[in-house]
Amino acid sequence: MPFTLQQLSDIEEIKILKHRYFRAIDTADMELLSGLFTEDVACNYNGGTYKVSFKGRAAMLEFLANSFHSGAAAMHHGHMPEISITGDTTASGIWYLEDVFINTETDEHTFGTAIYTDSYRCVGGTWKIETTSYDRVIEVVSKFSETGARLTVQRLAATGRKPEARTDISHLVTWQA
Amino acid sequence: MPFTLQQLSDIEEIKILKHRYFRAIDTADMELLSGLFTEDVACNYNGGTYKVSFKGRAAMLEFLANSFHSGAAAMHHGHMPEISITGDTTASGIWYLEDVFINTETDEHTFGTAIYTDSYRCVGGTWKIETTSYDRVIEVVSKFSETGARLTVQRLAATGRKPEARTDISHLVTWQA
Amino acid sequence: MPFTLQQLSDIEEIKILKHRYFRAIDTADMELLSGLFTEDVACNYNGGTYKVSFKGRAAMLEFLANSFHSGAAAMHHGHMPEISITGDTTASGIWYLEDVFINTETDEHTFGTAIYTDSYRCVGGTWKIETTSYDRVIEVVSKFSETGARLTVQRLAATGRKPEARTDISHLVTWQA
């Protein structure tokens, strides 16, 4: 069965929604992020060295503001979407992530990939992220100082949350042994 | 000439086909892979250190099951599709690959890019990969142990083919001097 | 408001335009590049270690032919487009770049990301790049020889402009201290 025009339009809107999400996290664009989630958004990330699990838009925004902080340099690229329109206002999506995260405060360089399974809901004509989960496929961790590389641009140093403004998100994240 | 609705629908289906292919190889999802190729699929890869050339779905699946084995950690991301619908049931596509392949058994880390030229055929209403070829653009090879990095997640260690189950695919691959 | 068929068709054509651009620069396909820009194309790049600013198709082609030279190995992947159709023959786009640039002549390895803001114009039925700008998000610079890696494939060594054919583009680029 071919896609209808309405379905292709919805698919394009959902891609733009998620593209905006990735662009916004890496630049700490909290205003843009605030409009991208449903009120009851649920998040479950299964990283190599951490697990993240929480519910609600406020928790999501607090999690993101503290994770993409002024000591970080981040690249999160969501690739190869497989979007399914499951109803007039519901959809699901699979994405394949490549991410680089340099934490200059802890001297950690993480390179990884993960597969997202999301659901989306159309609220008042606008698609939003309703649930988002990922499972790691690969993760490679180094000490950044040992790579011999220099960080010559770090956007989050200017836009990310400064140490004195950060809040405790330890109830949202479980670090693995 | 603008695209028709049928063409845009076919393009989206072909993108999802190839997206599924990349997700499936990196996770060794052989069941998903088994439905993605025509019976007479032809494969020609021109890598920096290897050439791959064969015909047929059985050879493709055997090649993939042995290449994405339990000692590997792999990322294959196909980007920036240029899909052309060439007939009611035929299409061609160009993709630009970024890949990372860590072989923990041989201590090799490969980072590379390549340009794919594919053709697709619609069989009983479902688009499948009919021919797939790539030529390397860049390739960078390191000893993984010398990078100083730790592999903290390796999905294929669980899902990839174990040493005792592997079969000989040396007739499908030619290694370059 | 859902996208119209005409808009979805234009969006797909603009994606293919930019995909072709990225494929062409990394392979120094100057013939393909020559058809992708409006005559009055304007370019403004804000890199970590450089700024680029110029106008006109001839300057663009000269800039690209000298930048993607025979001593370079390059990956420029444009991801996650957010395309807006702003009129019958005008559109804008945001893209999120990942790039790797190895200069074997200066022993430099650059890994970076940037956010593009482009505009496009449809000229005689064909979409072209009218303005293109980017701002770096992250940039990491190393000495390539210190990474311990070997470059096993370098397409631009064959296709890129050789030293004796290169021209001075110092009026187009400003290097930062």
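This is a short tour of the contacts between neighbouring chains in a predicted model.

**Before you start**

Residues count from 1 along each chain as its sequence is written, and chains are lettered from A and ligands numbered from 1 in the order in which they are written. Because the model is predicted, local features need pLDDT of at least 70 and side-chain atom pairs count only at pLDDT 80 or more, while totals for chains, interfaces and linings use all residues.

For the complex, the predictor gives an ipTM of 0.96 and a pTM of 0.97.

**Stop 1: chain A against chain B**

Select the residues in contact (C-beta atoms, placed from the backbone, within 7 Å). Helices (H or I, at least four residues) and strands (E, at least two) are DSSP runs, numbered from the N terminus.

Strands pair if DSSP finds at least two bridges between them. To see one bridge, select Val140(A) and its partner Leu151(B).

**Stop 2: chain B against chain C**

Here 25 residues of chain C are in contact with 24 residues of chain B. Helix 1 of chain C gives the most to the side of chain C that touches chain B, with 12 residues.

For the strands, select strand 6 (residues 126–143) of chain B and strand 7 of chain C, which run antiparallel and are joined by four bridges. Val141(B) has Arg150(C) as its bridge partner.

**Stop 3: two helices crossing**

Show helix 1 (residues 5–26) of chain B with helix 1 of chain C: their axes come within 10 Å and cross at roughly 45°. Axes are lines fitted to C-alpha atoms, for helices over the stretch in contact, with angles from 0 to 180 degrees between N-to-C directions. The two helices are therefore oblique to each other, the class left after roughly parallel (under 35 degrees), roughly antiparallel (over 145) and roughly perpendicular (65 to 115).

Finally, display the side chains of Leu5(B), Leu8(B) and Ile11(B), which meet Leu5(C), Leu8(C), Ser9(C) and Glu12(C).

Key: Two residues are in contact if their C-beta atoms, placed from the backbone, lie within 7 Å.
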